[in-house]
Amino acid sequence: MHGDARIEVTGLSVFFPLYHAGSRSLKKTVFAAAAGRLARDRKQRVIVQALRDVSFTVRSGDRLGLIGGNGAGKTTLLRTLAGIYEPVMGRLEITGSLHALLDAQLGMNPDLTGRENILLRGLYSNLSKPEIARLEEDVREFAELGEFMDLPVRIYSAGMVVRLGFGLATAIRPRILIMDEWLMAGDASFIEKARARLEDMVSGAEILVLASHSPTVVKEWCDRVLWLDQGQVRDDGPPERVLERYLGHPLEEPAAA
Amino acid sequence: MSIAVPDRLRPSQASPRLVFEAGHTSAVRTRLLLQDIIEGARLWRLGLTLGWLDIKLRYRGSLLGPFWLTLSTGAMVAALGVLYSTLFKTNTTEYIPFFALSQVLWVFLSSVILEGCTCFTLSEGVIRSVRMPFFVHSIRSLVRNALVLAHNVLVIVVVYAYYRIWPGWHAALALPGLALWTIDGLAVAMLLGAVCARFRDIPPIIASIIMIAFFVTPVIWQPKQLDKSLNWLLVGNPFFDLLEIVRAPLLGTTAGSHVWIAAIMFSVALCALAWVGFGRARARIAFWM
């Protein structure tokens, strides 16, 4: 795959301010405290340091896997790459069209029908009318929605929601693809179909960034692994080496138990 | 496999490049702000559809749909119109058309402001999962309220027909007023949406302010009923100027040039405030969700 798609991250830090002392924020506070990442900024506000001084470059052709435990900063990094969070320190430069698949719902409105959700996604990607019609056709066929197209997503079965989300997510082919691992975990009945579609999309992309808990998934899809730990880059290199180090760490623990 | 959707974001000449950088200078902030508005305006079909679906959803499954709005506004105008014209001892022929028009326009203005407060926080799920220009949310909020207004306009039409009133070609002069409202409506949503995302107790404060404004602005009472010594109530009141530029032409008169000047000055101030306020908040809004 040759092209000029590129992601350049330099000294990137992302901090979350904890303004709203609601239950949600409290939960975050507790988790962050457990991970030892609480700090106070100049104005004495409590902040969570989700990413600290992260630097790396992804070039065209790279298949980058992000691994790390819960709260390591994988999701924050994905969201920052997707342009949702902006850097608090450092710089991020992205060349090439980017598509981020961060969660199955991806802003889907459960009260709207399948058709309406597809329409919104098409409009979001600025597709023309005939293109939206094709998108609709493609997703309906893949998700096997049939009569459910004109019923609210709220009443869909869990499988249908996943298929719709997956179908939509994989319908638009970008040069840079950013994914959370939910896409890799489908139910058995459609996994084969899904796989072909996913492989098609991934192979069409110049750059893949995939976050996952699972070393097997990362090993299968990626040729480079970035290990995040407490918001910092622990290791960055070929999958064999990084995964071994990553796995080697927790493997020592059972021995002590 | 039939994934034939072309990647529109892929221009033939140069690859799109996005740069996110911390520590914005005001020049960078301005560029990013403009980029948000331009990209948002390019997605106008999305904003329009979102606003339209909001209304459709609100009334899905009901027999009359959004015409419930028309009906309830109509009932309110009829009941309160008769009551107030008795209280104020004015004749209904003159008062009720004035009240119907004022009430419908006021409901639009106040809900544009109130719903502007929640235009970002209500889209929390979207803001956290995809990168979308914030301007789209502001368009959505305005479109939603414009659709409500469009349904309520029927009440005015019925009242005018009943009293056989025809404002004449003067009515066309309301169009520049409506254009100014569009700009103000988008600006107020950008400003209040950002401020209210950060400080969650602002919306109730705004609601109280609007409530007071409703009574001190000539909506249920006519400007000419005001004692000369209380004229300052109108002069310092931006709601009056903004309301008047659309209302006067529809009542068959014209808004004075001083009213227009005040309305424009107020709009410029609002846009400037939105520019600065939203410009400063933009990069942080996603963190406040």
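This is a predicted model: local features need pLDDT of at least 70, side-chain atom pairs count only at pLDDT 80 or more; totals for chains, interfaces and linings use all residues.
View 1. A:Glu93 stands opposite B:Val19, a residue of β1(B).

**View 2. The contact between chains A and B.** Chain A puts 50 residues into this contact, and chain B puts in 37 residues. On the side of chain B that touches chain A, two or more residues come from each of β1 (17–21), α2 (44–58), α5 (124–129) and α12 (285–288) of chain B. Sorted by class, this side of chain B holds 22 nonpolar, 10 charged and 5 polar residues.

**View 3. Helix α3 of chain B.** This helix covers residues 67–87, 21 residues in total. From first C-alpha to last, α3(B) reaches 30 Å, close to the 30 Å expected at 1.5 Å a residue. Its buried residues are B:Leu69, B:Thr70, B:Thr73, B:Val77 and B:Gly81. Just after α3(B), B:Lys89 has a positive phi of about 55°.

**View 4. The two domains of chain A.** Domain 1 is made of residues 6–39, 47–96 and 211–256, while domain 2 spans 114–205. In chain A, 13 residues of domain 1 are in contact with 7 residues of domain 2. On the domain 1 side, α2 (74–81) and α7 (215–221) of chain A each supply at least two residues. The most comes from α2(A), with 3 residues. By class, the domain 1 side has 8 nonpolar residues, 5 polar residues and no charged residues.

Note on methods:
Residues are numbered from 1 along each chain as its sequence is written. Chains are lettered from A and ligands numbered from 1 in the order in which they are written. Two residues are in contact if their C-beta atoms, placed from the backbone, lie within 7 Å. Helices (H or I, at least four residues) and strands (E, at least two) are DSSP runs, numbered from the N terminus. Ala, Val, Leu, Ile, Met, Phe, Trp, Tyr, Cys and Pro count as nonpolar, Asp, Glu, Lys and Arg as charged, and the others, Gly among them, as polar. Two strands pair if DSSP finds at least two bridges between them. The expected span of a helix is 1.5 Å times one less than its number of residues. A residue is buried if 20 or more other C-beta atoms lie within 10 Å of its own, exposed if 12 or fewer, and partly exposed in between; C-beta atoms are placed from the backbone. Domain bounds come from an automatic or database domain assignment.
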